[in-house]
Amino acid sequence: MRIVIAGGHGKIALRLARLLAARGDQPVALIRNPDHTQDVVDAGAEPVVIDLEQASVTELTEKIMGADAVVFAAGTGPGSGAARKSTVDHKAASLTANAAALAGVRRLVQISAINVDQPVPEGTDEVWAAYMAAKKAADDDLKEHDLDLDWTILRPGRLTDEAGTGQVDLGEAVERHDVTRDDVAAVIVALVDEPRTAKRVLNLVNGRTPVLEAVRAVAG
């Protein structure tokens, strides 16, 4: 399969590209910075340079044409201000969903964050609050807009760089906990393969269930 990854130089995205390439898929990494080209090539992905904060929906649609699935894994990361949470975590996510629909690519996995539907506690850092609000807005756009997509929203808990365990808790009622980026990438691969998870919003943390078994369980 040809799978386009928006935010292709991110920590989850590079892990995802390696997993997809290892099994014979064709990952395509959308990157803003040309200096990141070699990193995504080393991960087994085809680099495509496009700035999701500046691109039109037509420009992005052209990059997505011919794909079998799209994964939105873009994010501003630590050190960015509140304004870019809106332009990347919200608006770029919505742009990607619209471009996928225009390109005729039905399968979309959108990476969000756990608990974005809950109010942030009083006194929460302004940038973190903006991040949570942006993720919620992106999720709401995907759920509410009548796009011709088989979307799945994946909401990981607190991300870590520890080695993956291969075991997770996945579902709508899963409580916030840690999850490795390795395991998030593995779950995304399984979700791409499982269309019965379409129109589902799934929380993800490390747990006791093997990844494939967990995805099959939520697929019904």
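Lys 135 touches Phe 72, Ala 74, Asp 89, Ile 111, Ser 112 and Val 116, when residues up to four places away in sequence are not counted and contact is taken to mean heavy atoms within 4.5 Å. The model is a predicted one, in which local features need pLDDT of at least 70 and side-chain atom pairs count only at pLDDT 80 or more, while totals for chains, interfaces and linings use all residues. Residues are numbered from 1 along each chain as its sequence is written, and side-chain values use heavy atoms, with hydrogens and water left out.

Lys 135 has its place in helix α5 (residues 126-144), where helices (H or I, at least four residues) and strands (E, at least two) are DSSP runs numbered from the N terminus. With a relative accessible area of 5%, Lys 135 is buried; buried means under 20% relative accessible area, exposed over 50%, and partly exposed in between, with a 1.4 Å probe and protein chains only. Asp 141, which also lies in helix α5, is buried yet has no salt bridge, a salt bridge being a side-chain nitrogen of Lys or Arg within 4 Å of a carboxyl oxygen of Asp or Glu. The nearest side chain of opposite charge to Asp 141 is that of Lys 136, 9.4 Å away, where Lys and Arg count as positive, Asp and Glu as negative, and His and the chain ends are not counted. Leaving aside neighbours within four places in sequence, Asp 141 is in contact with His 90 and Ser 94. Lys 136 forms a salt bridge with Asp 140, the closest N and O atoms being 2.7 Å apart, and these two residues of helix α5 are 4 residues apart, about one turn of the helix.

From this helix we turn to the strands. Strand β2 (residues 26-31) is largely enclosed by the rest of the structure, because 5 of its 6 residues are buried. Strand β1 (residues 2-6) pairs with β2 in the parallel sense over 5 bridges, pairing requiring that DSSP finds at least two bridges between the strands, and Ile 5 stands opposite Ala 29 in β2. The chain crosses from β1 to β2 through helix α1 (residues 11-22) in a right-handed β-α-β crossover, that is, with the strands pointing away from the viewer, the path from the first strand over the helix to the second runs clockwise. On β3 (residues 46-49), β2 pairs in the parallel sense over 4 bridges, with Ile 31 opposite Val 49; the crossover from β2 through helix α2 (residues 37-42) to β3 is right-handed.

The nonpolar cores come next, each a set of buried Ala, Val, Leu, Ile, Met, Phe, Trp, Tyr and Cys residues joined through side-chain atoms within 4.5 Å. The largest has 36 residues, and those with the most contacts inside it include Leu 16, Leu 154, Val 187 and Leu 204. Helix α6 (residues 181-192) gives the largest share of this core, 8 residues. Apart from it lies another core, of 30 residues, among them Ala 55, Leu 60, Phe 72 and Ala 100.

Finally, the structure holds 18 salt bridges. Asp 193 forms one with Arg 23, the closest N and O atoms being 2.6 Å apart; Asp 193 lies in the loop between α6 and β10 (200-206) and Arg 23 in the loop between α1 and β2, so the pair ties together parts that are 170 residues apart in sequence.
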